[in-house]
Amino acid sequence: MAALVVRLSCLGKRWVLACIDGGSRHGRGAAIGLTSRRKRGQSSVAQQPLIAVQKSRKGEREWAAVVGLEIHAQISSNSKLFSGSQVHFAAPPNSLVSFFDASLPGTLPVLNRRCVEAAVMTGLALNCRINKKSLFDRKHYFYADLPAGYQITQQRLPIAVNGCLAYSVSVGKKPSQVSTRTVRIKQIQLEQDSGKSLHDEPRSQTLIDLNRAGVGLLEVVLEPDMSCGEEAASAVRELQLILQALGTSQANMAEGQLRVDANISVHHPGEPLGVRTEVKNLNSARFLAKAIDFEIKRQIHELENGRKILNETRSFDDKLGCTMPMRDKEGKQDYRFMPEPNLPPLLLYDTASLPPGADPQQVINIDWIRERLPELPGKTREKLIQQYGMLPEHSFTLLNEVGLLEFFQNVIKETRAEPKKVTSWVLNIFLGFLKQQNLAVNESPVTPSALAELLNLLDRKAISSSAARQVFEELWRSKGKTPSQIVSEKKLELMQDQEALERVCHTVMEGHPQVGVEGRRKAMHFSAC
Amino acid sequence: MLGRTLREVSTALKQGHITPTELCQKCLSLIKKTKFLNAYITVSEEVALKQAEESEKRYKKGHSLGDLDGIPVAVKDNFSTSSIETTCASNMLKGYVPPYNATVVQKLLDKGAVLMGKTNLDEFAMGSGSTDGVFGPVKNPWSYSKQYREKRKQKAHGENEDSNWLITGGSSGGSAAAVAAFTCFAALGSDTGGSTRNPAAHCGVVGFKPSYGLVSRHGLIPLVNSMDVPGILTRCVDDAAIVLGMLAGHDPKDSTTIQDPVKPFTLPTFADVNKLCIGIPKEYLAPELSSEVRSFWSKAANLFESEGAKVIEVSLPHTSYSIVCYHVLCTSEVASNMARFDGLEYGHRCDINVSTEAMYAATRREGFNDVVRGRILSGNFFLLKENYENYFIKAQKVRRLIANDFVNVFNSGVDVLLTPTTLSEAVPYLEFIKEDNRTRSAQDDIFTQAVNMAGLPAVSVPVALSNQGLPIGLQFIGRAFCDQQLLKIAKWFEKQVQFPVIQLQELMDDCSSDFEIEKLSSVSLKQ
């Protein structure tokens with residue numbers, strides 16, 4: 001059976017997962033993967049799949065994996081999509097429930113303007129076409145945490161379509177080998193979140209919390225342009241950064257503000273796509289990648305052993321590291337979609353189509369939103385690379401860690417040290433310390449000013465590199481001290497007095513004549529630091 | 001006093017001839033005397049007396065809230081009323097007390113109206129007889145009228161009169177009966193396929209269905225969201241206009257209401273009939289139409305013509321597809337709207353708790369009657385992926401064609417359409433239940449439901465009594481959002497026909513002093 005080598009390399013808290021084909025990385029496999037995509041007529045951007053093809057036993061045919069994603073991002077908004085209830089994480093159960101959220105008969109949905117604007121912003125940031133007219137539909141299914149018996153969504157005509165998302169994955173053994181890929185975005189739709197069911201097994205009861213019921217979601221549908229867990233996870237990570245930069249979602253996976261379902265299939269390159277399975281409710285990027293890679297491996301294994309892949313919904317068990325079929329008693333659901341009759345079509349305008357004399361409170365101008373889009377992560381990274389001569393992979397790391405970029409920029413502001421030096425210190429030493437103690441940037445005992453001061457000392461050669469490291473360790477341990485204080489307390493200053501230095505050198509050389517030559521070089525090096 | 005119109009009694013209140021409390025008490029006592037009509041599901045006596053008292057204080061201070069202050073009104077039991085049970089005549093909602101008022105209810109209360117109670121209907125407004133609710137059928141007050149009884153005596157051969165009472169039509173039969181029996185001066189109904197106009201025609205009152213979007217649906221427990229409108233039942237067109245003036249306008253809680261502000265209005269007493277063009281849709285000359293109704297219809301057309309109006313035959317070519325189309329769209333939305341009744345958040349919940357699914361199934365089986373369950377079943381069938389295109393989408397296309405039929409006719413210069421409201425006068429209950437609900441609804445909505453699919457305003461105006469001494473109504477259909485013009489024409493027509501007042505003295509001997517009923521005046525359209 002084909003060996004799927006999974007390499008897990010840590011970049012701080014973030015991780016990169018690469019599936020490595022036993023044989024050629026740049027060889028035939030990748031090319032075939034590409035061909036098969038073109039055949040599907042879907043790939044708009046020429047891209048090398050990371051490793052789309054699995055070579056199986058000698059002489060046997062290869063496999064290509066196809067991965068698509070459905071991502072639900074909770075819209076960051078004070079109130080819900082169709083009601084005035086507040087939105088808070090971890091509020092007391094059923095404390096944020098309006099009559100509409102509880103589906104009291106006779107209540108009607110009223111669309112939240114903020115949610116529409118968030119969808120437009122996200123659509124624009126993801127290069128989508130914004131539909132000036134979009135529609136709402138009802139999707140029916142009976143579930144205890146879905147009070148109305150249907151979810152209001154945008155099935156027929158969503159608010160944004162045909163976008164794309166560029167993301168990067170590491171392709172080689174070195175982190176510097178980064179490759180940019182693009183995944184097409186089929187659509188972004190506005191929809192309601194459901195409530196939460198809490199199953200009390202011992203008492204065989206289900207408790208319902210409707211606080212989340214009706215919270216606005218952006219469903220972002222990514223086309224099956226990905227071929228492994230790392231690609232999917234990297235795409236999700238990039239989307240997360242974009243949503244956070246826009247402020248349209250906090251996109252915190254641990255708090256369920258970003259939830260991912262993955263559609264996965266495998267096939268022989270050049271042949272039709274295989275039967276796909278859906279892995280639901282992946283709530284961390286790491287599990288997403290693990291689940292996808294497991295599922296690819298599982299499907300190949302099944303097929304190679306003459307079994308079939310069932311079109312089914314599976315869940316990922318993070319403890320066992322495998323996917324399992326979800327119990328779905330009723331088999332395939334027919335959602336009996338129907339237009340939502342209580343919401344007129346959602347009309348958006350641009351400056352050209354804005355009706356004269358329209359009340360700005362009643363209309364949404366796409367151009368107005370476009371003009372006010374904040375800087376996106378891609379642009380930020382580009383600027384970092386240009387402005388500071390930073391390596392691309394460093395720009396990624398800076399953005400990936402919450403608060404790290406801001407920390408970096410604050411250090412830059414206050415130090416005379418070269419940006420490259422700052423980058424190196426922030427990414428290697430500072431981040432390393434954070435990781436070691438599992439801290440977030442805002443929990444760091446070292447402030448940007450302190451690091452800036454330390455780098456200034458280093459820059460004007462007041463201390464040596466190794467002394468700087470010592471100072472940093474001390475800064476980390478004893479909050480409140482400045483680098484200068486530590487330097488003088490520990491007597492870490494470099495000797496600036498030429499004569500004194502020469503005296504020391506002479507003493508050393510005289511004491512160790514046999515290593516004289518070697519020692520001179522070291523001493524020279526020492527003073528040059 | 002009770003026999004007066006809303007406008008008349010409003011004047012009496014303002015002039016101090018009667019106080020709101022006296023008026024309220026008279027209505028309450030009449031409600032008790034007519035309890036056998038089964039018009040009310042809940043009589044909100046305490047609330048009503050309290051509201052009347054407050055109204056009285058306002059009048060004393062000279063701070064009346066306007067024409068509706070102190071006026072007893074009734075509301076169909078599918079409008080949410082805060083702290084008053086709202087049942088939809090269903091086991092599913094027995095005991096359900098909404099925590100909020102429907103917008104229309106709130107507007108009535110804000111204008112000082114006195115809420116007498118919640119009126120009976122077919123379960124979830126699904127029916128055309130007001131016979132299929134869990135609280136039993138509503139009896140048509142005309143069954144007990146002098147006019148009807150006299151006619152029956154001539155024919156009756158020892159039949160048991162009590163078993164021959166007539167249906168009110170529906171589904172707002174309780175509201176129609178409440179207004180017809182003088183227990184209130186105006187009532188809210190709902191109209192999805194004719195549910196306000198049909199019982200209005202059978203009970204000899206005015207039944208007005210406003211344009212879709214003119215009046216808020218917030219708080220109206222839906223049947224078909226895209227067709228439902230709150231309806232108004234009154235004893236004359238003027239009264240309907242007063243109530244409409246209080247209810248119309250944008251509601252931020254109902255996104256389908258119009259944005260433009262609606263100004264209150266009063267109807268002029270005179271319409272320039274000679275400038276009007278009245279359309280008579282030829283497709284409405286159905287074979288099942290009773291000869292009497294047909295004859296009144298043509299007399300009405302002649303009346304307009306004789307007063308100088310242009311009366312022309314017009315065509316609404318897609319009329320014959322209308323009922324089937326209505327059936328598909330109605331049941332589909334019903335299937336969706338009824339999904340929320342699962343016993344979890346409110347309403348009935350069964351005792352079975354082996355699983356959530358079993359609980360749902362038993363709750364819904366116990367909570368809904370056969371009619372509701374039948375519509376849910378067909379609606380879900382039409383919405384299935386494999387059927388959606390063939391049924392729902394097609395029905396939507398036909399709906400568009402039907403709406404366009406009206407647009408075309410109005411664009412050709414027609415001001416209003418004149419049609420029958422129902423095929424015949426009200427039938428006895430025993431006759432009515434020989435056919436099932438579905439057949440009855442299909443027959444009885446024939447002239448009314450197309451209007452709902454097109455979102456147009458329409459009003460049923462009582463015209464005359466049939467040979468049996470029962471009311472017959474005719475329907476006027478207007479252009480979308482030309483509700484005022486429609487009512488103006490209806491008012492002129494009402495004045496010409498002088499429909500007789502129901503004579504219930506025998507029934508309510510001891511209340512007869514409350515009635516100041518003119519003698520049956522000459523009816524210009526009498527056969």
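Lys14(B) is partly exposed, with a relative accessible area of 45%; here buried means under 20%, exposed over 50%, and partly exposed in between (1.4 Å probe, protein chains only). This is a predicted model, in which local features need pLDDT of at least 70 and side-chain atom pairs count only at pLDDT 80 or more, while totals for chains, interfaces and linings use all residues. Residues are numbered from 1 along each chain as its sequence is written, chains are lettered from A and ligands numbered from 1 in the order in which they are written, and side-chain values use heavy atoms, with hydrogens and water left out.

**Salt bridges**

Side chains of opposite charge can pair when their charged atoms come close. A salt bridge is a side-chain nitrogen of Lys or Arg within 4 Å of a carboxyl oxygen of Asp or Glu. Over all chains, 40 salt bridges are found. The table shows some of them.

| Pair | Closest N and O atoms |
|---|---|
| Lys14(B) and Asp67(B) | 2.6 Å |
| Asp350(A) and Lys132(A) | 2.6 Å |
| Arg156(A) and Asp137(A) | 2.4 Å |

Glu295(A), Arg298(A), Glu312(A) and Arg314(A) are joined in a network of salt bridges.

**Annotated active site**

An unreviewed UniProt entry lists Lys76(B), Ser171(B) and Ser195(B) under "active site". These three are spread over 120 residues of sequence but cluster in space, with a largest C-alpha distance of 11.0 Å. UniProt positions follow the numbering used here, feature names are shortened, and annotations may be inferred rather than shown by experiment.

Ser171(B) lies in the loop between α5 (146-155) and α6 (173-180) of chain B. Helices (H or I, at least four residues) and strands (E, at least two) are DSSP runs, numbered from the N terminus. Is Ser171(B) buried or exposed? Ser171(B) is buried, with a relative accessible area of 0%. Ser195(B), in the loop between β4 (186-191) and α7 (197-203) of chain B, is buried as well, at 7%.

The side chains of Ser195(B) and Ser171(B) make a polar contact of 2.9 Å. A polar contact is a pair of N or O atoms within 3.5 Å; within protein, one must be able to donate a hydrogen and the other to accept it, and residues adjacent in sequence count only if both atoms are side-chain atoms.
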